[in-house]
Amino acid sequence: MKSWDRLIKIVFTGNLIVQIGIVVTGGAVRLTGSGLGCPTWPDCTSGKISPIAHPATGYHSWIEFANRLLTFLLVIFAIAVLIVLFSPIIKKSQIANSKKELRTLRLLGATQIIGIMAQIVVGGVSVLTKLNPAVVGLHFLISLPIVAAALSLLRKIQREVLVSNTFQPTKLEQSLISNLLRVMTGLTFLVISVGTVVTGSGPHSGDTKAPRYHFSARNISWLHADLVIALISLTIGLILIFRVVKTIPNSQTLAIAAQKLLGACLLQGVIGYIQFFSHLPIVLVAAHILGSILVWLSMWDIAISTRVFVKRDK
């Protein structure tokens, strides 16, 4: 790998790590009840951007403030990504082999900064609405396309795409795989979306006075579990397809990637059931939040590796 490629890999890797980190720290804010530790926005307290010692907020203000500070690190990496993509560095690397690829990379890079700006606005609205569960859930869901774009950027520099640029299977086989992966990607997003409703109906609101959904926590949890079971079933089917359809380039490697997705889903299911029957301990809920991002990234990795979202010549 050339020095320029190595530099770009560091920037793209750091960007993905920080994007995942902000999700984890956001979960920590919620699980420690620190969502309104900084009761105003964009200031932390009235007239001050940093917390002030106050018995009513205690350590909660510092936890929320630390999460806000991490946003600045996000912005730094997002700007670094754009600098790389719009500077001569990208042309000296081996990433973009055509103008079309370069445009795609720059669009993915722009997604990072646009996503962060959207997160800042939604984060502010969540504070101003006293942690309305719909706004808080949206705050989390916006992270999904952002981390997906960050992973796509990293895959470009790693050159670890699992299959070649075109499929060798028949049109019927290709259509089956493409449609199945589209359904699974959408289902994964739905699973996580319903998961935010589960959280919005439970005790971890981010503040003791925050509003909650008026849903039965038990019923919405079972719906969430049913969707996870459906995703697991489709993942098993995907593994079988990769094992059976020998015309897929690197089918065995893809099968292993699908097995990793299956493992992540099963682990999430186990954590989900344990936390439900153990009354949602904070540690398990935090692990479940991290796991949801890992499931999403595992699914997205397979999707972009098979290039199901790229139009092909007929």
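## Inside an all-helix model

Let us start with L85, which, once neighbours within four places in sequence are set aside, is in contact with F12, I90, L102, L105, R106, G109 and L153. Contact here means heavy atoms within 4.5 Å. A word on the source: this is a predicted model, in which local features need pLDDT of at least 70 and side-chain atom pairs count only at pLDDT 80 or more, while totals for chains, interfaces and linings use all residues. Residues are numbered from 1 along each chain as its sequence is written, and side-chain values use heavy atoms, with hydrogens and water left out.

L85 is one of the residues with the most contacts inside the largest nonpolar core, which has 38 residues. Such a core is a set of buried Ala, Val, Leu, Ile, Met, Phe, Trp, Tyr and Cys residues joined through side-chain atoms within 4.5 Å. The elements giving two or more residues to this core include helix 1 (3-31), helix 2 (60-86) and helix 10 (282-305). Helix 6 brings the largest share, nine residues. Apart from this core lies another, of 30 residues, with L180, V194, V197 and A258 among them.

Now to the chain as a whole. The protein chain has ten helices and zero strands; these are DSSP runs numbered from the N terminus (helices: H or I, at least four residues; strands: E, at least two). Of the contacts between residues at least 6 apart in sequence, 76% join residues at least 24 apart. Of its 314 residues, 49% are buried. The accessible surface comes to about 15,700 Å², and 70% of that belongs to carbon and sulfur atoms; areas come from the Shrake-Rupley method with a 1.4 Å probe, and for residues only the protein chains shown count as cover.

Two residues show how burial is classed (buried is under 20% relative accessible area, exposed over 50%, partly exposed in between; 1.4 Å probe, protein chains only).

| Residue | Relative accessible area | Class |
|---|---|---|
| Q19 | 3% | buried |
| W222 | 34% | partly exposed |

Q19 sits in helix 1. Beyond its neighbours within four places in sequence, Q19 is in contact with L74, Q112, I116, I146 and V147.

W222 belongs to helix 8. Together with I229, Y273 and F277, W222 forms a nonpolar surface patch with about 400 Å² of accessible area. Patch residues have over 30% relative accessible area and no salt bridge, with like charges joined within 9 Å and nonpolar side chains (Val, Leu, Ile, Met, Phe, Trp, Tyr) within 5 Å. A salt bridge is a side-chain nitrogen of Lys or Arg within 4 Å of a carboxyl oxygen of Asp or Glu. Helix 8 (217-244) and helix 9 (251-277) each supply at least two residues of the patch.
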